[in-house]
Amino acid sequence: MRLSKQLFVTLKEEPADAEVRSHALMARAGFLLKLSSGIYVYGPLLWRVLRKIEAIVREEHERVGAQELLMPAIQPRELWEDSGRWDHYVAEGILFHFKDRKGAEVCLGPTHEEVITTFAKRFIKSYKQLPITLFQIQTKFRDEIRPRFGLMRGREFIMKDAYSFDATAEDMAESYKMMREVYTRIFTRTGLRFMPVEADSGAIGGAGSEEFMVDAETGEDAIAVCRATGYAANVEKAVSRISEPEAATEKVDMHKEPTPNARTCEDLLALFPGLSITRLLKTVLYEVTIGEAKQVVAVMARGDREINEVKLINHLGALNAALATPDIVKRVTGAEVGFAGPIGLADEVRLLADSSVAGVEGFLCGGNETDTHYLDVWFGRDLEQPETVDLGTVQAGDSVVEGEGVIEITRGIEVGHIFQLGTKYSDSMKAVFAPEQGKQQPFHMGCYGIGISRVAASAIEQNHDENGMIWPVQIAPYSVLIVQMRVGDEAQDALAQELYDALEVAGIDVMWDDRKKVNPGAKFKDADLVGIPLRLVIGRDAADRKVEWNPRRGDDKSVLGFDEALAQAKAFIAS
RNA sequence: CGGGGUGUGGCUCAGCUUGGUAGAGCGCUGCGUUCGGGUCGCAGAGGUCGAAGGUUCAAAUCCUUUCACCCCGACCA
């Protein structure tokens with residue numbers, strides 16, 4: 001591609017609204033244009049990147065026999081009523097939905113379980129057709145609560161979604177394992193640093209699931225990892241062993257303590273300097289939506305632990321959980337926020353406890369009275385120990401559950417997510433097949449997603465410097481950039497043309513900066529910004545058939561003869 | 001949805017407090033100049049100041065309403 005004949009625009013200044021490097025650099029390099037919140041034009045160079053990612057994704061799916069298809073973006077409401085997800089998605093506000101001219105409600109697909117299940121129901125009738133895995137690469141629409149970070153969280157984005165259909169749970173596990181390998185190969189080929197982690201399955205539902213995380217400080221997800229044992233899990237899901245609570249030395253009667261304005265654990269520790277934070281039990285109030293109903297739930301946890309709302313929602317089978325408002329707190333505790341406790345709560349409140357409270361002795365907890373706490377409270381004596389379940393958030397320094405090791409918390413970007421759905425959708429949508437003998441059975445399904453556009457953004461997030469992007473060769477918009485210093489110089493024109501032709505013949509995609517009247521400095525700046533991995537500079541030594549070797553990453557510049565440069569370029573691209 | 005903020009040429013912003021000729025830098029066009037890290041000079045094009053209403057002799061500036069966008073929290077590839 002000759003740059004002089006292409007639309008190529010770069011900006012010196014970053015757009016004011018770019019929060020992360022990937023967004024700022026893509027905007028500066030003309031890769032994208034924001035049309036509206038979370039909605040972007042993908043420019044020609046970005047589109048090349050996306051197509052390269054798609055090509056890798058296609059190849060690796062087809063390698064294991066998955067078949068590509070394309071489902072509609074517009075989906076009828078009835079399908080979503082069948083699966084039972086319409087109300088949930090509408091309540092969350094995430095669904096773009098509208099009425100067609102006849103008044104029938106439709107939505108723009110945020111995901112395609114309903115459609116693929118309908119398709120399978122019609123076309124897969126027998127166990128003889130199983131297993132089958134189908135996939136598509138398509139635009140998804142989600143009216144995100146808060147779009148942000150450029151392509152990281154758009155309202156319209158490109159996603160690869162695959163679905164497996166199996167006769168039994170065991171077969172489904174096999175398909176899942178196969179797709180896990182497919183994902184590992186895909187992300188390895190994209191040149192990203194990534195790892196699979198155990199994950200919560202969220203609104204899509206189902207059992208086993210893992211996320212593929214690209215490690216990046218700007219990632220929105222926190223991940224608990226243990227180097228010693230290899231344990232890795234999203235903190236939404238992660239479990240750990242926590243330290244033992246301090247034992248109580250003496251068993252005195254429970255009594256009230258005045259605690260004016262002491263609303264937080266820090267306040268209370270300042271007030272009771274001798275007390276360990278492990279003998280302080282907090283009680284956090286949530287308003288939880290379960291089906292149509294709302295309920296107030298109080299969750300107890302040790303002072304040094306945080307409550308994990310995802311675990312809470314999953315445990316209760318709730319749609320969501322929000323911290324209770326001050327009005328609700330006042331209603332159920334009779335106190336201001338900060339003094340809630342397990343003793344004397346209103347009857348409407350359901351009391352739960354994180355497993356961290358088990359075994360805590362002689363503790364401090366809220367008094368359900370403003371400026372008052374109870375001290376020296378014992379389970380069994382002063383109140384019954386409530387149902388304890390794991391509702392805590394793993395913290396750095398916790399021990400792993402299996403084996404010996406300490407957990408660290410790192411951050412990552414979720415680029416892929418694989419699920420074992422089981423029969424969740426095939427049951428609700430009555431998608432069944434005839435087994436070898438006996439009654440018809442629902443499919444055992446798996447679903448597998450990759451955020452194509454997010455992969456592109458993650459690649460930049462992980463590979464850039466202060467001057468611009470640094471693309472991995474495999475997904476770079478072009479593999480090689482010929483930077484011609486002086487267009488119009490006969491020797492340079494001839495050598496650049498010869499190099500360009502030779503690279504094209506070798507099947508290497510090459511961009512040639514043959515713009516006239518652009519100063520060398522500007523060409524180098526643009527080259528740094530766009531981040532094509534290998535630059536070959538045609539300049540002052542062109543008359544001697546010399547080419548300058550100038551990779552974007554690292555600092556091993558050198559001057560090579562033409563043939564050597566060509567051979568080395570081929571090797572560079574192939575590696 | 002709650003809290004905070006911003007809307008002025010294509011981009012980044014100043015001007016608004018204290019009403020009176022709409023500005024700068026970058027980018028763009030032309031001519032010249034320069035030619036290995038965003039050269040320099042001259043000339044030029046380009047703006048219903050987010051929108052609507054109001055106050056006023058006069059509104060980018062003051063008031064009201066509204067829309068969009070951004071940031072902080074719950075969602076997810």
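Of the atoms of RNA strand B within 4 Å of the protein, what percentage belongs to sugar or phosphate, and to what do the rest belong? In this predicted model, 49% of those atoms belong to sugar or phosphate, and the rest belong to bases.

Helix α13 provides the largest share, seven residues.

An N or O atom in the side chain of Glu144 is 2.6 Å from a base oxygen of RNA strand B. Val415 takes part through its backbone: one of its backbone N or O atoms lies 3.4 Å from a sugar or linking oxygen of RNA strand B.

The discussion now turns to the packing of helices. Two packed helices are described by the angle between their axes and the distance between the axes. Helix α2 (residues 44–63) and helix α11 (residues 452–462) have axes that come within 9 Å and cross at roughly 115 degrees. The two helices, α2 and α11, are therefore roughly perpendicular to each other. The crossing in which α2 passes α11 is right-handed. On the α2 side, the residues in contact are Leu46, Val49, Leu50, Ile53, Glu54 and Val57, and on the α11 side they are Ile452, Ser453, Val455 and Ala456. This contact of α2 with α11 has eight nonpolar residues, one polar residue and one charged residue.

Helix α2 also packs with helix α6 (residues 169–189), at an angle of about 150 degrees and with the axes 9 Å apart. Helices α2 and α6 are therefore roughly antiparallel to each other. Their crossing is right-handed. From α2, the contact draws on Ile56, Val57, Glu59, Glu60, His61 and Arg63, while α6 contributes Met179, Val182, Tyr183, Arg185, Ile186 and Arg189. The residues of the contact of α2 with α6 divide into six nonpolar, five charged and one polar.

A further pair is formed by helix α12 (residues 490–505) and helix α14 (residues 562–574), whose axes come within 11 Å and cross at roughly 35 degrees. Helix α12 passes α14 in a right-handed crossing. Here Leu495, Glu498, Leu499, Ala502 and Leu503 of α12 meet Phe562, Leu566 and Ala569 of α14. By class, the contact of α12 with α14 has seven nonpolar residues, one charged residue and no polar residues.

Two features of the backbone complete the account. Most residues other than glycine have a negative phi, and most peptide bonds are trans. Leu130 and Pro131, however, are joined by a cis peptide bond, with omega about -5 degrees. Pro131 is placed in the loop between α5 (113–123) and β7 (132–141). Phe149, a residue other than glycine, has a positive phi, near 60 degrees. The loop between β7 and β8 is the place of Phe149.

Conventions:
Residues numbered from 1 in each chain as written. Chains lettered and ligands numbered in written order. Predicted model: local features only at pLDDT ≥ 70, side-chain atom pairs only at ≥ 80, totals over all residues. Heavy atoms only, no water. Axes fitted to C-alpha atoms, helices over the stretch in contact; angles between N-to-C directions. Helix = DSSP H or I, 4+ residues; strand = E, 2+ residues; numbered from the N terminus. Parallel < 35°, antiparallel > 145°, perpendicular 65-115°, else oblique. Left-handed = near helix turned anticlockwise from the far one by under 90°. Contact = heavy atoms within 4.5 Å. Nonpolar A, V, L, I, M, F, W, Y, C, P; charged D, E, K, R; others polar. Near = heavy atom within 4 Å. Polar contact = N/O pair within 3.5 Å; in protein donor to acceptor, adjacent residues only side chain to side chain.
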